[in-house]
Every structure is written in structure tokens, then in C-alpha cells.
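Please look at the sequence and the model before reading on.

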Amino acid sequence: MRTIEQKLADLYFANLDLLEEGLPAAVNRHRSDAIQNFHLMGLPSQKNEKYKYTDIRSRYAADYEKFFTPFGAWDDSWQPLVGEAFTVRLLNGYVYGEERLIALENGILYGSLRTAAERCPELVEEYYNRLAGKGSDAVSSLNTAFTQDGLFVYLPRHTAAGKPVVVIQGCRSEESAQVYHRALIIAEENAQVQVVFQSTDADETPFLINSLTEVFAGQGARIEIVDVISENNRSTHLSNQYVRQEKDSWVQTVSVHAEGGVIRTDTSTYLEGKGAENHMHGLFMAGEGEHLDSHTNIEHRAADCISYEDFRGVASGDGVGVFNGRILVAQDAQRTQAFQENHNLLLNDDAAIHTKPQLEIYADDVKCSHGATVGQLDEQAVFYMRQRGIGQQEARKLQLYGFVRTIIDKITLRKVAEAVDGLVTAKIDRL
């Protein structure tokens, strides 16, 4: 019997011509090393500490019918969370529509990564796989081996997008499908951009989605990323994000896991330049049959950098939530300020939340703290609200809403925050 690794390797070699067709060396030259790295490492099992609570091998062991050519039809119900935006539509991993790559008057580019690799290969060559290729993650290697398209955003120095870039990542198919897509975001010196990712699907078809994002924040650049995942409970979404920050850059990410069967996100941030600042916030709400896993890694590699991290989780039914957050302060990263917290609510005895905050400090002049809590709803607060005429269910929902609102409030795009608020409120009603 073939192993899962051999099955995926055979799939790669059988479709290599199709994978490479029409793509320049800027993308294709990384495939061979990636599949070799995957073959050497193997798909991680739950014996791997990073995947201790999340079984992805069984998801890859399933049979999928659709793979490496564009397929499916766009669902018109998929609309951007904010109307005034530069919108990019991804259907099953491929940019959908006639306009492939948009060039604004100030030199900003956004649209298809595939088209960007064709039209400006030197730029893509300089950045593509520069962060992901240094890692030893087998899931990232699979993405590099199989991906053909995705998002490309480029801002020249001293430019601002003016409107957010909204990426609708939709999956739709009559048959089960593996979906691979990539995002490459480059903001040069003092550039500014906001990017919103919306991941959704149209039906109950099983999807296995492997997405990878690389973000480069140049000196003084400001980048805000909002990532909202709302998919069916037969789907699996594996996401890796890599962020590199140079001197005095500012990056904020807000991730919201609202719906999904298995969602596992892994964010690695490298503060490479003095004075860089990172804000990372996340919310996961695991209901019946859902498994939501958030891993974060922030590495302070330069002096005078700041990081703030706040993740909140809710689990009900037999839902499972996971948070694993690591902050590393290198020896030369003096005067680091790093703060991490994770707070969670369990709504019943069958639900589970696993949390593991970590600090590794090798510098002696730092201000760092971390902590985690797992608790239940405050019965005294519920009683207090009931005494004032609020029903028990409504009191429970109000307390839940107040708990998660802290993360929603971090989204600076008000229209996006309002839309996320609606998704979260609807989920609370079902918990």
C-alpha cells in the first residue's frame, strides 16, 4: 500500500508538466527542492509537537477528484466585506475574471501572482519563497510544489493604496478538491496597505485548502491584514503565513476563525530591523464538529522592537480549540518589549481548549510577559443581568459577545469590523 507521502509525490510527478505550464522560473524553480524537502520530512503526524492536537494526515489520506486546472463557477453571493476596495477574486486557487493584474498610476500592482510572475519576473524572483523556503515545514513545501496562482500585491516606496485590497478566496465544486494558492505582499519603504482575506465556500463539498502568504514590510512600511475564514464543516484549511519586518515598520494581523471543519493556521513573524512593531490578534470559535488550531511564532532579532499578541477562543459542543504561541528574543535584541496573552471560554464539558504560551529570552534588557486562561462564563454576571430582566440565554450571549468583541475592535476598517461582527454574532447564536 502506498503511503500518503508516496501518493502525494506520485501526484506531483504525474502532473509536473501541467503544474509548470505557462509559469516562469521565478515560481517553477522552487518546486523540485520543495517536493524533495516534503519527501524527506514527511507529512507531520501528531507525534510532532506542532501538530500534537491536529491530525492532518487523515485529511490528506482522503481521495480528492479535482486538482491542478481551473474549475468551478463563481458564486455571486460572494461579495467583499467592504465595498470601496480593490477586489481580487480567487476561485479554487485561481484568479477569476478578465483583469489579471491591475497597475495603478502610482506604480502599485495587485491581482494574479501567476500573471505577475509572467510580466515582472525579476520582482517576483526577488521575493517569492524567500521566507517560506527557509523553513522546514512540510505543509509549506507542498504549497510551493503544487501552487499555480494566487494574490500579488506590490507597493513601491512612499506609496499608499488608498483603498483596501480585498481577496475573496472562494471554493466551489461538485466534487471534492484539493486547492493550493499563494499570496505575495511587498510593501517597500514607507508604503501603506490594508489587505483583507475572505475564505468561503458555496456548498458542503469536502475541500482541502493549503494556502501560504509571504509578507515583506520595508523600512517604515505599514501593513494591516485581516483574515476571515468561514467554511463548511467538511473542509480542511491549512494556512502558513510568513512576515518579515524591517526598521520602523508596523504590521498588524487580525485573524477570525468563524466556521470550518479543521482550520490550522501558522504565522511566523521576524522582526529584523530596529524599531519594528508587530500586533497579532486572533479569535477562534469552535462549535460542534469543529477543530480550530492557531500557532504563532514571533522572533525578535533586532533591538528596540515591540510585539503585542492577543488571542481569544471559545469552544462548545465537542468543538476543539488550540493556541500555541512562541516569542523568541535573540541575544542582540536588547530593549525588546513583548506581550502575549490568550484567554479562552469553555461552554460545556465535552468541549476542549489546549493552550501553550511560550517565551524564549536570550537578551537581558527586556520587558516581556505572557499568560493564558481557560474558564467558563461568569455565573454571577449572568445572575446580575437576569435580575435586571434579561433572559438567561440572552445574558449568556451578551457575555460571550463582550468577550470576543475585544478582538473585533482591533480591526481598523470599520465596514470590515461590522461585517465580522455580524458573522461572530450569528455564530454565538449557534453555540
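## Terms and basis

A residue is called buried under 20% relative accessible area, exposed over 50%, and partly exposed in between, with a 1.4 Å probe and protein chains only as cover. Those areas come from the Shrake-Rupley method with a 1.4 Å probe.

The model is predicted: local features need pLDDT of at least 70, side-chain atom pairs count only at pLDDT 80 or more, and totals for chains, interfaces and linings use all residues. Residues are numbered from 1 along each chain as its sequence is written, and side-chain values use heavy atoms, with hydrogens and water left out.

R114 is buried, with a relative accessible area of 17%. Its side chain meets that of E118 in a salt bridge, at 4.0 Å from N to O; the term requires a side-chain nitrogen of Lys or Arg within 4 Å of a carboxyl oxygen of Asp or Glu. E118 counts as partly exposed, at 43% relative accessibility.

Both residues belong to helix α6 (residues 113-119) and sit four residues apart, about one turn of the helix. Helices (H or I, at least four residues) and strands (E, at least two) are DSSP runs, numbered from the N terminus.

A salt bridge joins E49 to K356, with 3.3 Å between the closest N and O atoms. This pair links distant parts of the chain, 307 residues apart: E49 is in the loop between α4 (31-41) and α5 (57-61), and K356 is in strand β19 (residues 352-361). E49 is partly exposed at 44% relative accessible area, and K356 is partly exposed at 33%.

D304 and R335 also form a salt bridge, at 2.7 Å from N to O. Here the partners are 31 residues apart, with D304 in the loop between β15 and β16 (306-315) and R335 in the loop between β17 (320-329) and β18 (336-346). D304 is partly exposed at 24% relative accessibility, as is R335 at 41%.

## Network and total

E272, E299, R301, R326 and E360 are connected through a network of salt bridges. Across the whole structure, a search finds 24 salt bridges.

## A negative patch

Which residues gather in a patch of negative charge on the surface? They are E288, D318, D349 and D350. Patch members have over 30% relative accessible area and no salt bridge, and like charges are joined within 9 Å. Asp and Glu count as negative, and the charge is placed at CG of Asp or CD of Glu.

E288 lies in the loop between β14 (277-286) and β15 (291-300). E288 is exposed, at 53% relative accessible area.

Key: Patch = residues over 30% accessible without salt bridge, like charges linked within 9 Å, V, L, I, M, F, W, Y side chains within 5 Å.
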